[in-house]
Each structure stands twice: as C-alpha cells, then as structure tokens.
Amino acid sequence: MTETVITLRLTIDDPVPGVRYGLQQDDAVFEPVTATDAPLSFDVPVRLTDDGRFLGPFVRREGPKRRFVYIRIGQSAGQHGTDLNRRAKIDIHDIPPALLDQARQGRTLEIRLPGRGKDGTPACATVRSLTGWTAH
C-alpha cells in the first residue's frame, strides 16, 4: 500500500492571547506556543494512504471512519497557573477527495478555525470552520 505524507495547516484566526496551544502527538503535547493577537498556525504532517486513510502520531480516531487532530489548550498544553484545560477536535475524515488529490501533489491543505467560543474563552470540543478546507 502506498502512503504519501501530506501537510494539514490548522489556523486559529483569533486565539486568546496569553493562552498556550499545542498539537497532540500520541498522548503528549507537541511544540506548544503561547498565543498573541496574531493568527496561530500548526502544520501537521500526516500519512495518507492510497485508499484515503489518515495515519500518523497526530491522527486520532473514533469509530471506523472518523479521524481528527487535537489542539491542546491551557493546562493540557503545559500551561500552569490557568483554569483552562481544553482540547479542540478538528475533523479531517471529511476533507473532499479532490483536495486530497491536490495534497498528494504537494499542496498544503488549510482550514481556518474560530479561536473563541461564545463566552470569549478558547473554542473547544469539535471546532468547525465556516469556510472549510482550501489548498495552497
């Protein structure tokens, strides 16, 4: 079976300044950063099989089809002295096949995410983009 490493870029448009964010790799936080007023991006390398499966240490799974990436926030990203302890779940199993074909050709797939919930604190649980995935 053939695998291609593709890059998924997760961009948080309005992160909460002063809060730490980091990808979840296996069961640990990976290269956490503290947000400023600027958008915050994470480039996530994943292996994509020729039959469309996502693999790698950043890919989480739920059931037979759902695949996603976690962004850890606050305490779960290693920030001490905060009450925030969250994760944002970003679905990847529903990326359109035409975009996956572009990723196989070396293009980066990006999704832009809201960084805040209705209460102004970091968005968590399943976070959805209003614009969807795009190729760059």
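Visitor: Why is S129 called buried?
Guide: Its relative accessible area is 18%. Buried means under 20%, exposed over 50%, partly exposed in between, with a 1.4 Å probe and protein chains only. At 18%, S129 is therefore buried. This is a predicted model, where local features need pLDDT of at least 70, side-chain atom pairs count only at 80 or more, and totals for chains, interfaces and linings use all residues. Residues are numbered from 1 along each chain as its sequence is written, and side-chain values use heavy atoms, leaving out hydrogens and water.

Visitor: What makes the place of S129 a loop between β10 and β11?
Guide: S129 falls between β10 (125-126) and β11. Strands are DSSP runs of E, at least two residues, and helices are runs of H or I, at least four, numbered from the N terminus.

Visitor: Which residues is S129 in contact with, beyond four places in sequence?
Guide: I111, R112 and L113. Contact means heavy atoms within 4.5 Å.

Visitor: What makes the lining of the largest cavity nonpolar, polar or charged?
Guide: Eleven of its residues are nonpolar, one is polar and none is charged. Ala, Val, Leu, Ile, Met, Phe, Trp, Tyr, Cys and Pro count as nonpolar; Asp, Glu, Lys and Arg as charged; the others, Gly among them, as polar. β7 (66-74) and β8 (85-91) each supply at least two lining residues.

Visitor: How large is that cavity's volume?
Guide: About 60 Å³. On a 1 Å grid over the protein atoms alone, a cavity is a set of points where a 1.4 Å probe fits but cannot get out; a pocket is an open set with protein on both sides within 12 Å along at least five of seven lines; lining residues have an atom within 4 Å of a point. Points join across faces, edges and corners, and the volume is the space filled by probe spheres set on them.

Visitor: What does the largest pocket hold?
Guide: About 170 Å³ of space. Its lining has three nonpolar, three polar and four charged residues. R53, F54 and H93 are among them.
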